[in-house]
Amino acid sequence: YIMWNMLWPILIVVAANTIYNISAKSTPANINSFASLSVTYLTAMICSVIMYFITSENKNILQELSKANWTTFALGLAIVGLEFGNICVYRAGWKIGVANLFASVTLTCVLLFVGFLIYKEVLSLRQVLGMIVCVVGLILIVK
């Protein structure tokens, strides 16, 4: 039971990321990226509102939205950057497996430093050695 509680969110992330990357790579080259993202966000908004009403006991969505702070808006901006960046990555010719692996490994290394510098998480020698191995791996992958 405890293992399932740890596993199911990862499975959702992996499944959604798979669909996400296939969709980003398959976005038509002749559509403006932001026009495409507008449809994407309209779809996401409709799904989010439906899921809010399905999962929330409080049916007053305006009251719930009043609880939002800067992080809600920052996440929105980050998502636009993430999605626009991925569309551009694939339009630039990156292979689907290599692009995502390169970005994920790079992000993991950056987040290890963010955790250390901002959240005072421990950065162990093992993690530093792991980052070095990852950087060597990235060099081998892109050659």
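Modeller: Helix 1 covers residues 2–26, 25 residues in all, and runs 37 Å from its first C-alpha to its last, close to the 36 Å expected at 1.5 Å a residue. Helices here are DSSP runs (H or I, at least four residues), numbered from the N terminus. This is a predicted model, where local features need pLDDT of at least 70, side-chain atom pairs count only at pLDDT 80 or more, and totals for chains, interfaces and linings use all residues. Residues are numbered from 1 along each chain as its sequence is written, and side-chain values use heavy atoms, with hydrogens and water left out.

Biologist: How do you know what span to expect for helix 5?
Modeller: The expected span is 1.5 Å times one less than the number of residues. Helix 5 has 22 residues, so it should span 32 Å, and its end C-alpha atoms are 32 Å apart, which agrees.

Biologist: Why is Asn86 called buried?
Modeller: Buried means under 20% relative accessible area, exposed over 50%, and partly exposed in between (1.4 Å probe, protein chains only). Asn86 has 14% relative accessibility, so it counts as buried. This residue lies in helix 4.

Biologist: What does Asn86 touch?
Modeller: Leaving out residues up to four places away in sequence, Asn86 touches Tyr20, Asn21 and Ala24. Contact means heavy atoms within 4.5 Å. Tyr20, Asn21 and Ala24 are buried residues of helix 1, and the cover over the buried residues of that helix includes helix 4 (70–91) and helix 5 (96–117).

Biologist: Which residues make up the largest nonpolar core?
Modeller: Five residues do: Ala24, Leu37, Ile87, Tyr90 and Ala99. A nonpolar core is a set of buried Ala, Val, Leu, Ile, Met, Phe, Trp, Tyr and Cys residues joined through side-chain atoms within 4.5 Å.

Biologist: Why is Val110 called partly exposed?
Modeller: Val110 is in helix 5, and its relative accessibility is 45%, so it counts as partly exposed. In that helix, Ala99, Val105, Cys109 and Gly115 are buried, and the buried residues pack against helix 4 and helix 6 (125–142).

Biologist: And why is Ile50 partly exposed?
Modeller: Ile50 has 46% relative accessibility, so it too falls in that class. Ile50 lies in helix 2 (residues 33–55).

Key
Helix = DSSP H or I, 4+ residues; strand = E, 2+ residues; numbered from the N terminus.
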